[in-house]
Every structure is written in structure tokens, then in C-alpha cells.
Amino acid sequence: MLKSLKKIAVAAIAIAALTLSGCAPAAETEETKSFGDLSVQLSWIKNSEFAGEFFADANGYYTEAGFGSVNLVAGPAATEAEVLNGNVLVGIANPISVAPVILNEGAQLKIIGTTYQKNPFTILSLKDGANIATIQDLIGKKIGVQAGPNETLFDALLKANGIDASKVTKVPVQYDPAPLVNGEVDGFLAYVTNESFTVAQQGYEVTNLLFADNGLPFVTESFVVTQDSIDNNREALKAFLKATIRGWKDAIANPNEGARLALEVYGKDLGLSKDKEEYQSKTQNEILVQTDETRANGLFTISDAMIALNLATLKAAGYVITADQLFDMSLLKEVYEENPELK
Amino acid sequence: MILNTLVSFAVVAVLWFVALWAFNVKPFIGKNPFDVYKFMFEVPAASENRDMVMTALGQTMIDASIGFVVGMFLATLISLLFSLSKGIEQALMPIAMLLRSVPLIAMAPIIILIFGREQMSVAVMGAIVVLFPALVNIVFGLRSAPPAMFDLVNVYGGNKLDALRTVAFPSSLPSFFAALKISVPGAITGALLVEWLATGQGIGYAIVSAIGRARPSEVWTYVALITIVSIVLYNIVALLEDSVLAKYGHAARK
């Protein structure tokens, strides 16, 4: 009842608008496919981590691919739940946070590609403070962890290294590493390409305990979607991948412009630092987004060997899952087959 | 009273089902009371689930009690001061009202910076939530006796303290219990808030965490549990209120 009322209201407004403007809608050409509006749940605040998505939006690649308006939703958020609830078509997450949702809640989610081939997650600490350099140094410390998916990562780090979770105090923090600097926490879950640099830039010597060096190598900034979208909205997902690949190619070609988009357009209210954005934009391209595998097989690729490595990491963290349950790389494969120039 | 409690539960359960249905919530996100029961008692991990939610609930109860006790103690103390001296009341009541209108959530970061992320912040934030509504109620109650009764104490040579003890205190009991009753859910709210923003323990944090990690059954279980506890505690205070007021001859006013 409400729904039909809503439809009538929308129709009435549309008719009114057309009458007022005195013109009929332009007939859509048959070539242009329309997938409606695009919503993407980002994994973090709008900084240069998402340079490629910013380019794809700013340069109109999403529009060209057939999407209407584009809504890039800032994180950190309940990414998997947002995707499952249909609020967004694509969420940006990682295998460690997605797998438990599939295993424990029976959710039908798949990862269809990944931006970062390695993960830059670190436990950041101050050299003059707790100086957490080895995994054993975590014991008895207060670590700032953002609520949500990052907690799953932190649990996995402890589990994979056989550390009893009760021996480490987890403290809720937001994206700002200030609690580390002002001494509220001993360590802070961060990106070595982001907060670590920010804190170092403030004049502190920092220590990083990298997840990748401590039993948790995995891909991240991965595109997670529902099985339902794969089955029923496959072309839209492929269009998203294609446009986003184009965006990331631009981001790789012009890291400073990617930093500028974060600084002046998408994250202009965040008070980002120019030096840090330019550093992050450049560094992520060099060490995280591009590897020998992506140069051979295209961006966002997750090779079979990489999938095996991720599954092994998940197993160490206590999540036994198969490749077919977690990954579906067929869409990306089709995108590259249909658009070989993208490679 | 038990009937009251049962009616409250029934209303909550009906609202729960109706809301899920009316807003067309997807089954993955929106769990109903039966799903919560399954999460607690039927799924393979049920006993771990029970341990987890009970640990969180225990922590929240501790945090809420701290806020409740500190807040009620201060409210009682301050309102006694107010009733002994009109001057103090006139000077401080507006400030109390002002503090009441500052949103706690905006003050939280500064409270955390000053008092840290442990019990001190729990006490401060819990007390702020409980203190002001309780204070207003108790001050009103202490003034509620007819002036003639205070005059009577005066005539017999009693001082202000005598008047407080023999007249103001007994006549303030209904307001005092009203303050206690609103402070129970208030203290729980304060505890949830401080857990979410500062300590990272208890249900206040567990809900946020479980939402972030896409664990809807767990989220609904926490919400159901804290609602049940809130209703039960409220009714226990109401029960206490009835028996105390009856003893002091206030029952007819109910």
C-alpha cells in the first residue's frame, strides 16, 4: 500500500516536472545499458586509499559504464552487512572480515577482485612509548582497534600467533591516531601507508608490527558482493569492475592527482595532509596495487596461488573455508577477455 | 506487579515482530525473538554464545550500578544542600540545568581524556546521566510538603535539619522513588554509552562491534537481553516503592 502510494507520488512529480519543462525524455539509445545508481561502501574515510574509485567517478567512467549517480560511502562501517542488506552494490573489505560472515551467519557473499595485493595492516606504536616490535610485545598492552571488521583482523592476528586474547586489552578508537599520540593506548591498528606516516610526520619515531610479516599475509581493499548480485546483476558488477580498473589505471599514472582528488574533492572536509596523501597515493601504487601478477594478468587479479595463501591465513586464524565459498574471479576474467586493452 | 512485567514483555515482543514486518527488514539483518532463542539455546555454539552475552551483560550491570550509585548519591546530597539553603539552590540549579542540556556524547571525548578509559570515566558519565533528572525530582519532592507543616516544626523550636528530617524527607518519598525509577534505565543508558565510547567492554560496545562484524543474531540478543533486564529492574524498584510508600502512608496518593 505504502509502496504503491510512493510510486504514485513519484509518477506525479515526474509528470509535473515534464509538464513544467515542456519536453519529453530523450529516448535511450539501445547501446547504453542502464544499471541505475551505484553505491559503494568504502572501507575507510575518503583518503587516497580510494584514488582509483575517485578517478573513476570524477572522470565519468562509472557513468559511461551505465551507472546513474555514484555514491561512495565513507567507512569504517559494517561493510558486509551493508552489502547483504542491499544498501550498496559493492563493499570494499578483505577476506579475513568476510569469511566469518559467510561461515557463521551463512551469508552468501563473494569477493570478486582486490585492489591491494598485499595488506598494509600494522600495529603502530611509538618508539619512545610501548615500542611493540614483536608479537610477544603485545601482551599486557592496550591496543586501539576500530569497532567492526578490524576487530576480526586483530583477533586473527592474536589467534594466528597463539596469543591469548585475554592478555591484550582492546580499546575502541576511531580513525584518528590521536589516542596513540596522547598515550591513551599503547598500540593502534593502522595502515603502514597511512596513519603510520601521519604519526611519523608529526615528529614521532614509530614502530610497526606488520600483519603480513606475522602470519597474516592476505589481500585487502577487496570488492565484496552478494551471490544474488552475481547471479542476477552480473553485467552491473562487470561494468563496475571495468570502470574501477580504468580509474585505478589513472591513479597509477598520476598519483599526485589521486592525492589531490582526496585532498580537495572527496575528502575536503577531513583536514587531510597533502604530504601524507601524496605519499600514500604513490606508495600504495608501488607496493600494494601493482605486482608482477597484476602486470601480467591485470589489476584486481587474485591468482590461484594468492587465493591459496589467503585460505591458509584464514585457517591459521581459525576460519576453514574453501576458495569457491569466498572468491569468484570469473567476472574479472570475463572483463579482461571482453576488454583486453584494460590489461 | 508480575502481571505488569509480563504485559511489558508482551508489548515489546509484539512491537518487535510488527516493526520487522512493517519495515520489511531482510531476514539476514532483522532477527525475531525466535532467532534470538535459537542463538542462545539451539545453535551448535549456543553455550559459547550464552557465555559471551552473559559476560557482556555482567559488565554492563557493574558499569550501570557504578553510575547509578554515584549519581543517586550526589543527587540526594545536592538536593539536601539545596533544601537547607535557598541561596545555594538559586545559584547552582541553573548550572545543573545547563549541564543537563549539554549532550553527553559531545562531552565524552574530553571526559575520556581527563578520566581515562577505566572505572573513573564509567562513574563520571554514568553519574551525569543519572544525576540531573534525579536531582530535579528530589528537590521538587523535598519542597512538596505544605508550608504550614514547616511552620509547625518552627513553632516547636525545631531547626532546619529537624524540619528536613520530620517533614521534608517523608513527604519527598514519592518523588525520590520516581527519581529512582527513571534512574534505572538512565544508568543503563549511561553504561552503554561509556562502554561504547570509552571502555570497549560490556553490551554497549559488544552491540557496536557485532554490527560492524555482521553478526545480527548477536546484536538482537544483546538488545533483547538489556531490554528485559531494564524492564525487570524497573519493576523491582516499583515493587520496593509500593512497600516503602505504604509504610509511610503515601499509598493513597498512588
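Helices (H or I, at least four residues) and strands (E, at least two) are taken here as DSSP runs, numbered from the N terminus. The structure is a predicted model, in which local features need pLDDT of at least 70 and side-chain atom pairs count only at pLDDT 80 or more, while totals for chains, interfaces and linings use all residues. Residues are numbered from 1 along each chain as its sequence is written, and chains are lettered from A, with ligands numbered from 1, in the order in which they are written.

An unreviewed UniProt entry carries the annotation "domain: SsuA/THI5-like" for residues 47-257 of chain A; UniProt positions are given in the numbering used here, feature names are shortened, and such annotations may be inferred rather than shown by experiment. Over residues 47-257, chain A is 38% helix and 25% strand, and the end C-alpha atoms of this stretch lie 12 Å apart. The domain assignment of chain A, by contrast, gives domain 1 (36-118 + 218-342) and domain 2 (121-210), with bounds that come from an automatic or database domain assignment.

The centres of domain 1 and domain 2 of chain A, taken over C-alpha atoms, are separated by 24 Å. Across the boundary, 21 residues of domain 1 of chain A are in contact with 15 residues of domain 2 of chain A, two residues being in contact if their C-beta atoms, placed from the backbone, lie within 7 Å. On the domain 1 side, H5 and helix H12 (274-289) of chain A are the elements that give two or more residues, and H12(A) gives the most, with 6 residues. The residues of this side of domain 1 of chain A divide into 10 nonpolar, 8 polar and 3 charged, where Ala, Val, Leu, Ile, Met, Phe, Trp, Tyr, Cys and Pro count as nonpolar, Asp, Glu, Lys and Arg as charged, and the others, Gly among them, as polar.

Chain A contains an open sheet of 5 strands in the order S2-S1-S3-S10-S4, with mixed pairing; two strands pair if DSSP finds at least two bridges between them. Strand S2 (67-73) and strand S4 (109-116) of chain A stand at the edges with a single partner strand each, so that one side of each is left without a neighbour in the sheet. From one strand to the next, the twist averages 25°, with axes fitted as lines to C-alpha atoms, for helices over the stretch in contact, and angles running from 0 to 180 degrees between N-to-C directions. Within this sheet, strand S3 (residues 90-93) and strand S10 (residues 220-226) of chain A pair in the antiparallel sense over 3 bridges, and A:Ile92 has A:Phe223 in S10(A) as its bridge partner. Helix H10 (residues 234-253) of chain A packs on the sheet, where it touches strand S1 (36-41), S3, S4 and S10 of chain A, and its direction makes about 10° with that of S4(A).

Strand S5 (residues 121-126) of chain A has 6 of its 6 residues buried, so it is largely enclosed by the rest of the structure; a residue is buried if 20 or more other C-beta atoms lie within 10 Å of its own, exposed if 12 or fewer, and partly exposed in between, with C-beta atoms placed from the backbone. A:Phe121, A:Ile123 and A:Ser125 point one way from S5(A), whereas A:Thr122, A:Leu124 and A:Leu126 point the other way. S5(A) runs antiparallel to strand S8 (residues 187-191) of chain A, to which 4 bridges join it, and A:Thr122 has A:Ala190 in S8(A) as its bridge partner. S5(A) also pairs in the antiparallel sense with strand S9 (residues 206-210) of chain A, over 5 bridges, and here A:Ser125 stands opposite A:Thr207.

Chain B comprises 10 helices and 0 strands, and its C-alpha atoms fill a box of roughly 75 × 45 × 30 Å along the principal axes. Of the 254 residues in chain B, 35% are buried. Among contacts in chain B between residues at least 6 apart in sequence, 77% join residues at least 24 apart. B:Ala134, placed in helix H6 (residues 119-142) of chain B, counts as buried because it has 30 C-beta neighbours inside 10 Å. Leaving aside neighbours within four places in sequence, B:Ala134 is in contact with B:Gly71, B:Met72, B:Ala75, B:Ala179 and B:Ser183; B:Met72 is 62 residues from B:Ala134 in sequence, with 6.9 Å between their C-alpha atoms.

Between the chains, 18 residues of chain A are in contact with 13 residues of chain B. Helix H4 (79-84), helix H5 (95-105), helix H6 (149-160) and strand S7 (169-173) of chain A each supply at least two residues of the side that touches chain B, and this side of chain A has 9 nonpolar, 4 polar and 5 charged residues.
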